[in-house]
Number of protein chains: 2
Amino acid sequence: MKIKQNSKIKQVEVAEEGAKNTRKKILIGSNGGSKNIIMRYFTIAPGGHSPKHSHNWEHLVKIESGKGIVVGKDDKKVEVSEGYSIFIEANEMHQFQNPFEENFEFICIIPNINKT
Amino acid sequence: MKIKQNSKIKQVEVAEEGAKNTRKKILIGSNGGSKNIIMRYFTIAPGGHSPKHSHNWEHLVKIESGKGIVVGKDDKKVEVSEGYSIFIEANEMHQFQNPFEENFEFICIIPNINKT
């Protein structure tokens with residue numbers, strides 16, 4: 001068993017092309033012994049966004065704080081806020097945007113396929 | 001993409017032997033198309049607890065609200081509260097207890113092996 005305080009976990013800027021004002025923490029990952037599943041915590045500051053992309057693994061998302069826009073297929077946009085859960089299938093185009101005035105925070109769980 | 005409001009998801013009492021005052025919602029699961037990973041939300045009311053058990057799949061836990069006790073190997077007890085994450089390995093003995101006066105709420109992610 002591994003118990004962590006999230007506030008003590010290092011937060012890093014997402015350097016991936018297409019990301020802006022987006023920071024990430026690995027709450028539970030392979031260096032903590034989780035071989036199959038990774039739990040990440042994202043904070044998108046006002047004006048920021050994740051890359052608009054698709055990939056061959058799914059996302060399980062739960063909004064933790066603030067609100068934002070999730071962009072899906074055909075650029076469909078949906079506003080989401082604390083209390084929403086989102087499942088994004090493998091190979092589905094998606095992006096998270098924060099056009100609002102407070103941080104947009106969510107957890108995003110993925111299978112551990114060497115992507116953190 | 002599937003977007004849900006958690007407040008509209010049905011909550012059920014955990015009927016498993018050894019569980020007390022414990023309710024569960026499936027935020028994202030196989031009936032929403034998630035084949036590999038399931039995200040559940042647990043609420044343990046004051047005086048309640050999950051079963052004390054082990055099984056051959058892991059748990060990725062993030063405390064969402066309140067506080068509780070997580071019991072591990074050799075009955076070691078640790079108090080956890082909002083802002084903590086816990087990784088429980090496959091086959092590790094564990095239990096969640098709520099001896100406090102407010103609901104203890106957490107998400108618990110598991111691989112999808114026909115266990116919800």
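Trainee: What percentage of the 116 residues of chain A count as buried?
Mentor: This is a predicted model, and the values are computed from it. A residue counts as buried if 20 or more other C-beta atoms lie within 10 Å of its own. Of the 116 residues of chain A, the share that passes is 37%.

Trainee: How many helices and how many strands does chain A have?
Mentor: Read from the N terminus, the elements of chain A run β-β-β-β-β-β-β-β-β-β. The secondary structure therefore comes to zero helices and 10 strands.

Trainee: What is the radius of gyration of chain A, and what does the globule rule give for 116 residues?
Mentor: The C-alpha trace of chain A spans about 40 × 30 × 30 Å along its principal axes. Chain A is as compact as a globular protein of its length, because its radius of gyration is close to the value from the globule rule. The two values are 14 Å for chain A and 13 Å from the rule.

Trainee: Among contacts in chain A between residues at least 6 apart in sequence, what percentage join residues at least 24 apart?
Mentor: Two residues are in contact if their C-beta atoms lie within 7 Å. Among the contacts in chain A between residues at least 6 apart, the share that joins residues at least 24 apart is 65%.

Trainee: Which strands of chain B pair with S4(B)?
Mentor: Strand S4, residues 37–49 of chain B, is mostly covered, with 10 of its 13 residues buried. Seven antiparallel bridges link S4(B) to a strand of residues 20–28, and Lys25(B) has Tyr41(B) as its bridge partner in S4(B). Eight bridges, also antiparallel, link S4(B) to a strand of residues 104–111, where Cys108(B) is the bridge partner of Arg40(B). The strands asked for are S3(B) and S10(B).

Trainee: Which element gives the most to the side of chain A that touches chain B?
Mentor: In the contact between the chains, 34 residues of chain A meet 33 residues of chain B. Elements that give two or more residues to this side of chain A include strands S1, S3, S4 and S5. By class, the side has 17 nonpolar, 11 polar and six charged residues. The element that gives the most, with five residues, is S8(A).

Trainee: Which residue of S1(B) is the bridge partner of Ser85(A)?
Mentor: S8(A) and strand S1 of chain B, residues 2–5, pair in the antiparallel sense over four bridges. In S1(B), the bridge partner of Ser85(A) is Lys4(B).

Trainee: Which residues of chain A does Met39(B) contact?
Mentor: Met39(B) is among the residues with the most contacts inside the largest nonpolar core, which has 48 residues. Leaving aside neighbours within four places in sequence, the contacts of Met39(B) in chain B are Leu27(B), Ile28(B), Ile107(B) and Ile109(B). Those in chain A are Leu60(A), Lys62(A), Ser85(A) and Ile109(A).

Trainee: Which residue of chain A has the C-alpha nearest the axis?
Mentor: The axis belongs to the rotation of 180° that superposes chain A on chain B. In chain A, the C-alpha nearest the axis lies 4.0 Å from it and is that of Ile37(A).

Trainee: Is Ile69(B) buried, exposed or partly exposed?
Mentor: Ile69(B) is found in strand S6 of chain B, residues 67–71. Its contacts beyond four places in sequence are Lys77(B), Glu79(B), Gln97(B) and Pro99(B). With 16 C-beta neighbours inside 10 Å, Ile69(B) counts as partly exposed.

Trainee: Is Asp75(A) buried or exposed?
Mentor: Asp75(A) is found in the loop between S6 and S7 of chain A. Its phi is near 60°, a positive value in a residue other than glycine. Because there are 9 other C-beta atoms within 10 Å, Asp75(A) is exposed.

Conventions
Residues numbered from 1 in each chain as written. Chains lettered and ligands numbered in written order. Predicted model: local features only at pLDDT ≥ 70, side-chain atom pairs only at ≥ 80, totals over all residues. Rg over C-alpha atoms; globule rule 2.2 N^0.38 Å. Buried ≥ 20, exposed ≤ 12 C-beta atoms within 10 Å, placed from the backbone. Pairing = 2+ DSSP bridges. Nonpolar A, V, L, I, M, F, W, Y, C, P; charged D, E, K, R; others polar. Core = buried A, V, L, I, M, F, W, Y, C linked by C-beta atoms within 7 Å. Least-squares fit on C-alpha atoms with pLDDT ≥ 70 in both.
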